[in-house]
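Hi there,

I'm handing over the structure we talked about, so please open it and keep it beside this email. My notes on what I found follow below.

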Amino acid sequence: MSEKKMSTEAPKMKALGFTLLVVTYLSLNSSLNLLNKWSLGVYSFRFPFLLTSCHMAFSFCVLAPVAMREPWDSHRRTLEKQWRGIVYIGAFMALNIALNNISLLDISLTLNQIIRSAIPVVTCLLAILVESRYPTGQELAALITLTLGVMLAVWQGTVTGKPYAIIFCLVGTVCSGAMMTFSGKVLSKKLDVVRLTFYTAPVSLVCLVPFFWAYERQSFYEYLPAHMNGVALIILVSSINAVCYNMIHSLMIKKTSAVTTTVLGEVKIIGLLVLSAMLLGEGKEFTLKMTTGVVLAMAGFAMYSHSKIQRLRDVQLRVISLTASGNGSAPELVPLKVGDMSMMHRVASSNGSSVSQV
């Protein structure tokens, strides 16, 4: 195969691989949400803390044989360098789940969804504080437009809640954004998704067990004898789904960014609303407010996508300009991943030197 053909095939394969990653991420996210909703609602397995604790324990046990193939010294060095980020991710993940579930006791589902629709904006602000990653004006406007659109689209029924429940939901939303942000920071330190999931699972488990013990233990002991087989099946199937989703979720953050991953999550919500209207005959329930929300959300997504593409092109042109001015020769460009941007790295074959622009 000629070099020219290989150079044209590589971007196509990369685009195909990224598309498959996004489809897999959205599919696992949707299937996990549907399975959890069916388990906690239809089947009346009302023990979210227990269910998530089982997910974490299952992830740790399944990934242990893979992770422990590496020497212990490698794990020790990683934990010595990254233990703070790992603890933050595990703790914020557990707090997000715990506070959100507790808030649902005294807050309407509509208000809960409206508050949590702000996760992309929260993640963006935290990325500034934690990673010093500043959005452009267009990106920030796109995120706000997307968030407002999703809020309008999910605004159904009553918007009520006790003060403590609203505060818990707000704090849980911040914890979700913090978990995403710290995941992006840790993954940028060349930590793979298997080890990240393996390390954070026991941290989340330790944080979740007290909530199960306080809120669900007694009622679960009463529920279990009559539903032994169903409980075992729910825990097994949802745990397999959860470990796959957690790894793909981390991979999405590593390949793109925490903010981009939350944006895709918001688009998934809009997609499910539209599909339910088209395929399940729920079009009559699609009010003007919901339609406006969908249009705003898709406009925000289009703005955000255009902004990311434009930033990438600007960086590439700047690198070409800087490197070409160095020796006047035509540079050879090789894609290099840095954060959520595909930067361009010039390899000067004439003198063996290299220059990169980040």
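Ser59 counts as buried because its relative accessibility is 0%, where buried means under 20% relative accessible area, exposed means over 50%, and partly exposed is in between (1.4 Å probe, protein chains only). This is a predicted model, in which local features need pLDDT of at least 70, side-chain atom pairs count only at pLDDT 80 or more, and totals for chains, interfaces and linings use all residues. Residues are numbered from 1 along each chain as its sequence is written, and side-chain values use heavy atoms, with hydrogens and water left out.

Ser59 sits in helix H2, residues 48-67; helices are DSSP runs of H or I with at least four residues, numbered from the N terminus. Which residues does Ser59 touch, not counting those up to four places away in sequence? They are Thr197, Ala201, Val243 and Asn246, with contact meaning heavy atoms within 4.5 Å. Ser59 and Thr197 are 138 residues apart in sequence, yet their C-alpha atoms are 7.3 Å apart in space.

Cys61 is also in helix H2, but Cys61 counts as exposed because its relative accessibility is 53%. From Cys61 to Phe198 there are 137 residues in sequence and 8.4 Å in space, C-alpha to C-alpha.

Now look at helix H5. Its 13 residues (119-131) should span 18 Å at 1.5 Å a residue, and the end C-alpha atoms are 17 Å apart, which agrees; the expected span is 1.5 Å times one less than the number of residues. Buried residues in H5 include Ile119, Pro120 and Leu126. After H5 comes Ser132, with a positive phi near 55 degrees.

Happy exploring!

Terms used. Helix = DSSP H or I, 4+ residues; strand = E, 2+ residues; numbered from the N terminus.
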